[in-house]
Amino acid sequence: MECGRMNGGLQYEAYLEKNEQALIEGLQKLIRINSEQAEPVRVSEEEIYPFGQGVQDCFQACMDLAKEMGFECTNVDNYGGHIDWPGRSGKVMAIIGHLDVVPAGSGWDFDPYGGEVKDGYIYGRGTTDDKGPVVSCLYAMKSLKDAGYQPENTIRIILGLDEETEWKGMDYYFEKMPRPDYGFTPDADFPVINGEKGMMVFEIARKFSGKQTGAKGLTLRSLSGGTAPNSVPDRCRAVVRSEAAGAYEAIRQQAAAYREETGYQLSCKGMGKSMEITSAGIASHGAKPEGGLNAVSIMMDFLGRLNFVSEETNDFIRFYNQYIGFCLDGAALGIDFEDDKSGKMVFNLGMAEISQEAARLTVNIRYPVTCTEERIFETLDPVMTKYDLGIVKGKKHDPLYLDLDNPMVKTMLEVYQKHTGDLESRPLVIGGGTYARSTPGIVAYGAQFPGDEERMHMKNERLSLDRLRQMTAIYAEAIYRLSSGF
């Protein structure tokens, strides 16, 4: 096939249109499989599904779909795998995506695993992150194949199965499989991502001694909020107890006054001899917490207006409200670092658990590309010491940055501009952590379009069918250009 004919859209675009209904149905098939990570399933002495039955089912369904298209598929011990379209050279151009999803949460107007199409949108968890873009790339490959294209370099879709959590699957995959030479991950924003902030997950923890100042006073029996470090919690639940007469009615009155003052959603109800307090916020991706409202912060703000018999409980709540609260850049903790290349720190409190024995907060931060992990923890140390708090370090990814004149960055930008006419949007440095960090030579490319409403990690996640068509056309040409001896 002549390069000019491909770039002119005389062949592959016709096949994109021909495959459009199959593209939608293929995406629906994967959305209808709940691929939230679950406990491992032991199938036999030799085989395990490390991320649970649902993730495994979705993985197998995607591989089956690719096999039907005539592509070669490799399963790496159920920890991940790849879909190959062999080229003539020894080079591999990779597309690295993932099939696991964050928990659906509550408050949906549609079945989060229904794949319903309505008013030009397809609804469901994973439509934008990341099943939709993965299926888009797969059908882009199919359309190129149907058009008669033969790649110079092998095109390989690598399927991750625990991107939303620990990345153990991708680590295992690359222990067993050779690394690609270059490529992209369709799990961020257009026009193209040339940098990703450093990312860390850590816990702030404190043990309680159990000392109380009054037997009949108010106790915080438990608090729980959030489902994942990289999501803004949209629900938080606390259980309090008091033997004092009129205590619960006083809390109800305080809750009513709090709702009137703040406009936040907060409710109280009896639960045996205890009282249950619930707060509601707005879920959002942890990389963009400004798009949400943290239900844990609402709860802690309200609890700070109560007086508990345990001074340790009061002390911890004071710490939270003074140093975390609703702050989204770490300024209250003194870690609001920023630089010209990547902007400000992003701070998200993703999960909270408090019992009468201990408290644990799970924090997910995205830090500027010129900052370091050491600088962050050194800055946090005085506050942690003051409140007798400990830090438990978790998952981390170092910053990633490519110059704007990088050939891949330039090529992807050109393809995006051609298919959208958008000459204003520029390459981005983001706070999200993508599989671009999993192996050298990878950048994030789409599939969120500039200015579009973003619902990743939120209720009613959806993808416009027009955008699905457009991204598939972009990916088809990008795959063509990047695999043609790039």
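**Notebook: loops, cores and holes**

I started with Asp-119, which lies in the loop between strand 6 (117-118) and strand 7 (121-123). For the elements I took DSSP runs numbered from the N terminus, with helices as H or I of at least four residues and strands as E of at least two. The model is predicted, so I kept local features to pLDDT of at least 70 and side-chain atom pairs to pLDDT 80 or more, while totals for chains, interfaces and linings use all residues. Numbering runs from 1 along each chain as its sequence is written, and side-chain values use heavy atoms, with hydrogens and water left out.

Asp-119 has a positive phi of about 55 degrees, though it is not a glycine. Buried or exposed? I checked Asp-119. Asp-119 is exposed, at 68% relative accessible area. My cut-offs were under 20% for buried, over 50% for exposed and partly exposed in between, with a 1.4 Å probe and protein chains only.

Asn-460 is another non-glycine with a positive phi of about 55 degrees. Asn-460 sits in the loop between strand 25 and strand 26 (462-464). At 7% relative accessibility, Asn-460 counts as buried.

Then I went through the cis peptides. One joins Phe-190 and Pro-191, with omega about 10 degrees, and Pro-191 is in the loop between strand 10 and strand 11. The bond from Gly-446 to Ala-447 is also cis, with omega near 15 degrees. Ala-447 belongs to strand 25 (residues 447-448).

**Whole chain**

I counted 12 helices and 26 strands. The radius of gyration is 24 Å, close to the 23 Å that the globule rule gives for 486 residues, so the chain is as compact as a globular protein of that length. That radius is taken over C-alpha atoms, and the rule is 2.2 Å times the number of residues to the power 0.38. Along its principal axes the C-alpha trace spans about 85 × 50 × 40 Å. Buried residues make up 56% of the 486. Taking contact as heavy atoms within 4.5 Å, I found that 76% of contacts between residues at least 6 apart in sequence join residues at least 24 apart.

**Cores**

A core here is a set of buried Ala, Val, Leu, Ile, Met, Phe, Trp, Tyr and Cys residues joined through side-chain atoms within 4.5 Å. Which residues touch the most other members of the largest nonpolar core? Phe-184 and Tyr-445 do, out of 65 residues. Helix 12 (residues 465-483) gives the most to this core, with 11 residues. Apart from it lies another core of 53 residues, including Ile-204, Met-275, Phe-319 and Tyr-320.

I listed contacts of Phe-184, leaving aside neighbours within four places in sequence; among them are Met-93, Ile-95, Cys-137, Met-412, Val-443, Tyr-445, Tyr-475 and Leu-482.

Helix 6 (residues 168-176) came next. Its buried residues are Gly-169, Met-170, Tyr-172, Tyr-173 and Phe-174. What covers them includes strand 4 (81-85), strand 5 (92-98) and strand 8 (154-160).

**Holes**

I used a 1 Å grid over the protein atoms alone: a cavity is a set of points where a 1.4 Å probe fits but cannot get out, a pocket is an open set with protein on both sides within 12 Å along at least five of seven lines, and lining residues have an atom within 4 Å of a point. Points are joined across faces, edges and corners, and volume is the space filled by probe spheres set on them.

How many cavities of 30 Å³ or more are there? One. The largest cavity holds about 30 Å³. Strand 11 (193-196) and strand 24 (442-444) each supply at least two of its lining residues, and strand 11 gives the most, with four. The lining also includes Leu-400, Leu-402 and Ala-436.

The largest pocket has a volume of about 480 Å³. Of its 27 lining residues, Thr-165, Glu-166, Ala-228, Pro-229 and Met-351 lie nearest its centre. Strands 12 (198-207), 19 (346-354), 20 (358-367) and 21 (390-397) each supply at least two lining residues.

The second largest pocket has about 360 Å³ of space. It is lined by 27 residues, with His-285, Ala-287, Arg-366, Gly-432 and Gly-433 nearest its centre. Strand 10 (188-189) and strand 23 (428-430) each supply at least two residues of that lining.
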